[in-house]
Amino acid sequence: MDFQTTRIIYNHCKIVILTLVALLSAVPWNLFAEDSASREYKVKAAFLYNFTLFVEWPTETFPANDSPLTICILGKSPFGDALGSLRGKTVKTRKLAVRQINSVQEMRGCQVLFVSASEKMQLPNILAAVKNLNVLTVSDLDRFAEAGGIINFITLEDKVRFEVNLKAAQQARLKISSQLLKLARDVIE
Amino acid sequence: MITAFYNTSLKKKLMTIILLTSGVVLCLTSAAFIINEMATFRRTISEELLSLADIIGNNSSAAIMFNDKKAAQETLNSISANPRVLAARIVTKDGELFVEYLAPGADRSRLKIGAEEAPAEAAGDAGALWGLSKEVRIWKRIVVDGTHIGTVVIQPNMQGHIKKLNLFFAIAALVLLAAFLIAYFMSMKLQSLISVPIMRLAETMKKVSEEKDYSLRTEKTSKDEIGSLIDGFNEMLTEVEERDEALRQHQDHLQRLAHFDDLTGLPNRALYCDRLSQALFQADRATQKVAVMFVDLDCFKDINDTSGHRVGDLLLKDVAARLQTIVRVSDTVARMGGDEFTILLPNLEDPEKASLVAQKILQNISEVYQVEGNDIYITASAGITIFPDDGKTVDDLLKNADTAMYHAKNNGRNVFQFFSREMNVKMMNRLDLQNNLRHALERNEFVLYYQPRINIADRCITSMEALIRWPHPEKGMIMPDRFIPLAEETGLIVPIGEWVIRAACLQIRKWQTQGNPLFPVAVNVSAYQFRRKNFTETVTEILEETGVSPALLEIELTESAIMKDVDSVIKVLKELNSLGIIISIDDFGTGYSSLSQLKRFPIDSLKIDRSFIANATTNADDRAIVIAIISMAHSLGLNIIAEGVETEMQLALLSAQGCQEMQGYLFSKPLPPDLLTQLLHDDRERKIQKNN
């Protein structure tokens with residue numbers, strides 16, 4: 001048997017196995033089919049993590065080289081157990097940490113701040129409080145970006161998308177990857 | 001196939017070799033060129049597309065992570081707009097198709113890349129190594145922060161590559177064809193450098209072997225191995241030519257040898273017989289006569305012995321030359337071997353003519369020869385036989401001529417003899433006797449008789465002579481004069497002579513043991529026996545063997561036996577003499593003794609031949625000879641014995657002349673040993689009486 005034949009057989013086997021795997025784990029990519037709220041926040045939880053990969057914080061943000069990158073959920077968390085999937089993940093060399101906070105005063109050490117819908121009324125205060133901190137603010141509140149938040153989840157055609165307020169990010173001295181910007185439905189300058 | 005190749009012409013072989021070699025080289029070169037080109041192209045495209053996949057991966061990683069197919073599609077479309085890309089896909093890490101790009105004209109059904117493609121390697125290519133397959137793929141994993149999020153798979157557009165390859169193949173084929181054609185024409189021209197001289201050589205060789213013409217040569221055109229091959233071939237032909245010539249000469253020589261005698265140049269026996277049979281055939285038809293003549297030189301052996309074979313050979317040549325001058329052109333002189341010549345006289349009107357020729361020949365041969373400054377005399381004896389009177393076949397005629405010649409020799413030599421029927425009878429008897437003689441020795445048929453010799457003064461025995469007798473069981477007593485010449489001819493004389501000496505010695509010994517008075521016993525020794533190299537040793541041996549004193553043995557040699565080759569005779573006689581053996585000369589007066597030589601011989605006695613004694617009382621001449629011999633013997637101090645004394649008158653004459661001893665019938669004939677023993681007793685008694 002020559003190299004090519006081996007290769008062909010190998011590929012064929014792979015195709016068969018992958019097809020079987022795909023059939024067995026066939027899960028429709030439908031966000032709102034079963035438990036729409038939980039599914040939506042599963043995606044958003046993943047997005048939260050993804051954002052950390054495309055954003056650069058100034059070095060002084062972290063107290064130490066091995067300090068974790070902390071995602072803080074402010075207010076009543078809509079994620080349920082979706083955030084559990086982020087546990088144990090790392091961002092570059094840092095460990096990822098998730099923390100639940102109830103007031104903006106507790107957000108010391110947070111690099112990502114998710115503002116829950118429960119804090120809608122406190123939004124101006126919250127934004128004002130983090131204005132000069134190197135914190136990536138994320139929320140799915142309407143017009144969050146326009147209000148001065150950095151990333152705003154939106155839902156388009158049943159898909160989770162986002163808007164980016166570049167000015168706010170620059171104010172927070174965060175560098176957002178052009179790739180991320182390219183994906184943003186709207187970029188506010 | 002291979003056998004067929006082996007059997008094709010040299011020209012075709014050379015061309016095949018050249019073309020095969022150049023073809024293989026060209027094909028290999030082209031193949032290497034194409035393979036290298038393909039590998040380069042493959043590597044280039046692989047590298048290019050890998051970097052393209054890298055760019056796609058980098059630019060679409062966020063889109064994948066945020067599940068933004070639209071953005072990913074845009075990125076893929078923009079980057080994949082490269083003529084080298086036939087199709088491109090992004091596959092999620094789970095192997096699901098994320099986005100796909102298809103170049104215009106790409107047949108999706110034939111594209112094999114897709115969701116199933118999720119290789120474990122970070123990057124690589126797959127598919128037919130040399131790029132002829134449409135299934136070639138290049139993939140690159142998309143990794144963000146160490147996490148594999150998907151894979152970029154690109155199928156290159158091989159159309160250009162295949163076109164290029166096809167072009168290469170076409171060019172290679174054309175170049176190959178052109179090169180092959182050039183090689184063909186060049187080889188056709190160049191091979192002739194080798195094949196033409198070889199073919200020319202082969203042609204010459206064929207011609208030589210067909211026409212057997214060894215004078216042909218091949219022209220040499222070059223100084224290489226072929227040149228030396230041609231040189232070698234030509235040299236070989238020269239050699240063959242020379243050998244041919246040598247062989248021809250050799251054959252001529254053999255022809256000569258087969259038919260001619262080497263020494264004299266005369267025809268040999270074979271050719272003679274051939275001519276004779278032809279002559280007989282013609283003579284038979286023409287009712288003519290043919291004479292066959294044998295000529296044999298007398299005592300030629302003596303010339304060989306005394307003057308050497310060289311002189312003998314020269315003499316034979318002279319004889320041959322003389323013979324040829326005598327005969328007619330139509331006659332044939334041949335040498336049969338040794339000193340024997342044969343002459344064929346065909347178309348003979350009268351047998352008498354043959355005797356004229358024979359006379360002429362004998363006379364001519366007996367004239368003096370000058371050989372190496374020496375005068376040599378020789379005679380010949382001839383035998384003649386006539387066809388058809390004496391015989392009708394070649395064999396018969398030759399045999400008859402030989403018989404006639406033999407008779408001529410017996411008749412005193414230097415004569416010729418015609419064949420007669422009686423000769424044949426005699427010859428048969430002779431042959432018969434010869435055979436018997438041989439057996440006689442083996443069967444011990446011979447006996448010795450003894451004849452006493454008497455002292456004339458007191459008539460007492462002084463000594464005795466042993467004489468051989470052959471009591472033949474059928475033919476009765478045969479006397480020595482009949483069988484001794486035969487024995488001499490056949491060489492039997494040597495063992496017979498030896499037997500005589502031994503028998504005599506044994507008899508002496510016997511008498512000795514019987515207590516009889518002892519007297520010397522004389523034995524006759526033939527010249528032939530005497531001249532044998534080891535004669536003295538033989539005698540010594542016999543004496544030692546029998547224990548007989550040499551003083552009791554007397555050797556008698558004829559006068560003619562000692563007068564040839566005197567020096568060596570004297571030498572042997574001296575040896576015998578020193579042993580104490582008595583030596584006497586028999587038949588004295590009949591030979592041609594040189595009296596001056598006689599004194600040189602160490603001899604004891606002379607025996608006067610019986611022919612002188614027989615006539616001494618009647619013939620004055622003979623009496624004078626007898627008296628002369630006796631007086632000469634006296635003056636030389638030799639004992640003298642008279643042989644064949646039969647009458648008292650003879651005895652009285654001898655006594656008066658002072659001859660002391662005699663032998664003859666007057667006193668006693670030869671007696672067998674037992675009778676002689678009786679005589680010895682009588683003799684002793686007489687002596688005793690006398691003394692009393």
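## Close-ups of a predicted two-chain model

View 1. How exposed is B:M186? B:M186 comes out at 48% relative accessibility and so counts as partly exposed, since the exposed class only starts over 50%. The residue belongs to a nonpolar surface patch that also takes in B:L10, B:I182, B:L190, B:L193 and B:I194. Which helix supplies the largest share of the nonpolar patch? That would be α4 of chain B, residues 159-211, with five residues.

**View 2. The disulfide in chain A.** The partners are A:C72 and A:C110, with 1.6 Å between their sulfur atoms. The pair ties together distant parts of the chain, 38 residues apart: A:C72 is in strand β2 (residues 69-74) of chain A, while A:C110 is in the loop between β4 (94-101) and β5 (112-115) of that chain. For anyone checking torsions, the angle about the S-S bond is -80°, which makes the link of A:C72 and A:C110 left-handed. Are the two ends buried or exposed? A:C72 has 0% relative accessibility, so it counts as buried. A:C110 is buried as well, at 5%; the cut-off for that label is under 20%.

View 3. Most peptide bonds are trans. The one joining B:F387 and B:P388 is cis, with omega at about 5°. Where is B:P388? Look in the loop of chain B that runs between β11 (380-387) and α10 (394-410).

**View 4. Positive phi at Asn67.** Most residues other than glycine have a negative phi. B:N67 isn't a glycine, yet its phi is positive, at about 55°. This residue is found in the loop between α2 (10-65) and α3 (69-80) of chain B.

**View 5. Positive phi at Glu372.** B:E372 is another residue other than glycine with a positive phi, near 50°. It's in the loop between β9 (369-371) and β10 (374-376) of chain B. Its relative accessibility is 46%, so B:E372 counts as partly exposed.

**View 6. Stepping back to chain B.** What is chain B divided into? There's domain 1 (2-164), domain 2 (214-259), domain 3 (269-419) and domain 4 (434-691). The C-alpha centres of domain 1 and domain 3 of chain B are 120 Å apart. On the secondary-structure side, chain B has 22 helices and 21 strands. Its radius of gyration is 61 Å, well over the 26 Å that the globule rule gives for 692 residues, so chain B is more spread out than a compact globule. Along the principal axes, its C-alpha trace spans about 190 × 70 × 50 Å. As for burial, 45% of the 692 residues in chain B are buried.

Definitions and conventions: Residues numbered from 1 in each chain as written. Chains lettered and ligands numbered in written order. Predicted model: local features only at pLDDT ≥ 70, side-chain atom pairs only at ≥ 80, totals over all residues. Heavy atoms only, no water. Disulfide = S-S within 2.5 Å. Helix = DSSP H or I, 4+ residues; strand = E, 2+ residues; numbered from the N terminus. Buried < 20%, exposed > 50% of the residue type's maximum accessible area, 1.4 Å probe, protein only. Domains from an automatic or database assignment. Patch = residues over 30% accessible without salt bridge, like charges linked within 9 Å, V, L, I, M, F, W, Y side chains within 5 Å. Areas by Shrake-Rupley, 256 points an atom, 1.4 Å probe, with all protein chains shown as cover. Salt bridge = Lys/Arg side-chain N within 4 Å of Asp/Glu carboxyl O. Rg over C-alpha atoms; globule rule 2.2 N^0.38 Å.
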